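Take a look at the structure below. The paragraphs that follow lead through it piece by piece.

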Amino acid sequence: MVVESISMPGAKDLDSTTITPRRELEDCNHLLDDHAALMRFHDEQGYILLRGVLDPASVEETRKAMFAVMERHGLIEPGNTDGTWTGKPFPGGMEESPEFSGIARRLIENPANQKLMEKILGEPACIIPIVQYRTYPPGGSITGAHQDGFYSPGIRNYKPVWTTLTPCPREVGGLMVAVGQCNRGFLHNLAKTPSPIPEGVIPEDSWATTDYYPGDVLILNPYAPHASMPNTSKYCRVTLDTRVQSAADPRVLLADIVSASPDAITVRDLAGAERTFTVDDDTFIRIEHPGVRQKRADYVPSAPAGKRIVVVFDGNHAETLRRASDN
Ligand SMILES: O=C(O)CCC(=O)C(=O)O
């Protein structure tokens with residue numbers, strides 16, 4: 001079935017907890033030195049899975065940094081190294097907490113990991129300052145089925161990078177991907193807000209997952225439907241997802257707002273340079289909450305001078321304005 005865009009007012013939403021992935025994701029390590037072949041796999045299958053490719057010391061440093069935050073919140077006992085949950089209820093909502101700031105950047109900027117990112121992107125890469133740090137206890141958050149590109153229009157020359165800091169066998173609730181479903185356009189239901197993917201659109205037998213381990217990296221095609229699975233283990237799921245972009249042709253800028261209007265936004269980047277971008281109805285604005293699109297007619301009160309945001313741009317056009325998440 002070919003679906004290029006979806007508007008199904010009466011459709012039931014796909015409930016990702018009803019999905020049982022029957023297939024296993026394939027690893028792509030053998031394609032790492034053949035960028036064209038790696039991209040072919042990515043473009044056809046919708047993902048790239050690489051096993052044990054991140055520098056082990058940098059992964060361990062990242063785990064320790066995330067565990068320090070988890071310890072403070074009582075998710076794990078002091079000194080714990082395997083992520084066993086204490087049982088303390090966790091309110092959640094910490095994916096973009098400033099307590100984690102900088103952890104992903106240190107991981108990506110490790111020299112060995114930079115070389116890996118260059119192979120994945122096909123050119124020198126730098127981190128995009130959008131990161132989600134996930135420390136989900138058993139029974140915690142589940143990410144519903146979605147396609148990343150639906151929420152991030154305008155980001156080109158970039159790749160999302162998902163990795164786990166502790167063993168994440170399937171019962172800990174890693175990601176599943178609908179394999180080979182990335183060439184059908186967006187499958188989100190435009191007839192509804194916030195536009196979930198409807199039931200029955202993705203073939204049940206396309207869903208695949210695997211057991212993930214520290215050092216593994218999963219790259220998702222922006223059109224690949226994916227979701228997380230429930231954590232039914234006794235461990236917290238400790239993962240992060242960030243993005244890398246072309247260092248030579250960056251499209252994403254971390255900056256502080258100077259002034260905002262419904263037609264334009266002026267920002268100051270971290271080097272002190274001011275830039276003005278046009279804002280129009282094609283600009284995807286989510287400055288207040290990263291999951292909620294705002295109208296350009298009324299976003300200005302949420303865009304005061306000094307607020308740090310991420311601007312995805314194409315020339316002088318603002319493609320996306322997003323709350324900064326890791327700076
Ligand atoms: O880790 C998760 O639960 C979701 C991650 C995700 O959707 C992504 O990296 O695009």
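Strand β2 (residues 47–50) is covered on both faces. Y47 and L49 are buried on one side, I48 and L50 on the other. A residue is buried if 20 or more other C-beta atoms lie within 10 Å of its own, exposed if 12 or fewer, and partly exposed in between; the C-beta atoms are placed from the backbone. Strands here are DSSP runs of E with at least two residues, helices are runs of H or I with at least four, and both are numbered from the N terminus.

This is a predicted model: local features need pLDDT of at least 70, side-chain atom pairs count only at pLDDT 80 or more, and totals for chains, interfaces and linings use all residues. Residues are numbered from 1 along each chain as its sequence is written.

What does β2 pair with? Four bridges join β2 to strand β7 (residues 217–220), and the two run antiparallel. Two strands pair if DSSP finds at least two bridges between them. Y47 has L220 in β7 as its bridge partner. Strands of a sheet pair through backbone hydrogen bonds, either parallel or antiparallel.

Now widen the view to the sheet. Five strands form an open, antiparallel sheet in the order β2-β7-β4-β9-β3. β2 and β3 (125–136) stand at the edges with a single partner strand each, so one side of each has no neighbour in the sheet. From one strand to the next, the twist averages 20 degrees. β3 and β9 are joined by nine bridges in the antiparallel sense. Y133 stands opposite L240 in β9.

Helix α4 (residues 111–121) lies across β2, β3, β4, β7 and β9, at about 105 degrees to β3. Such angles run from 0 to 180 degrees between N-to-C directions; axes are lines fitted to C-alpha atoms, for helices over the stretch in contact. Two residues are in contact if their C-beta atoms, placed from the backbone, lie within 7 Å.

There is a second sheet to find. Four strands form an open sheet in the order β1-β6-β5-β8, with mixed pairing. Its edge strands are β1 (23–24) and β8 (226–228), each pairing on one side only. Two bridges join β1 to β6 (residues 207–209), and these strands run parallel. E24 stands opposite T209 in β6.

Which residues surround the ligand? They are R134, T143, D148, P160, W162, L175, L220, H226, S228, T239 and D241. The shell divides into four nonpolar, four polar and three charged residues.

R268 lies in strand β11 (residues 264–269). Is R268 buried or partly exposed? R268 is partly exposed, with 15 other C-beta atoms within 10 Å. Beyond its neighbours within four places in sequence, R268 is in contact with A255, D256, V258, A273 and E274. R268 and G139 are 129 residues apart in sequence and 42 Å apart in space, C-alpha to C-alpha.

Finally, step back to the whole. The protein has five helices and 15 strands. Its radius of gyration is 19 Å, close to the 20 Å that the globule rule gives for 327 residues, so the protein is as compact as a globular protein of that length. The radius is taken over C-alpha atoms, and the rule is 2.2 Å times the number of residues to the power 0.38. Buried residues make up 42% of the 327.

Conventions: Near = placed C-beta within 6 Å. Nonpolar A, V, L, I, M, F, W, Y, C, P; charged D, E, K, R; others polar.
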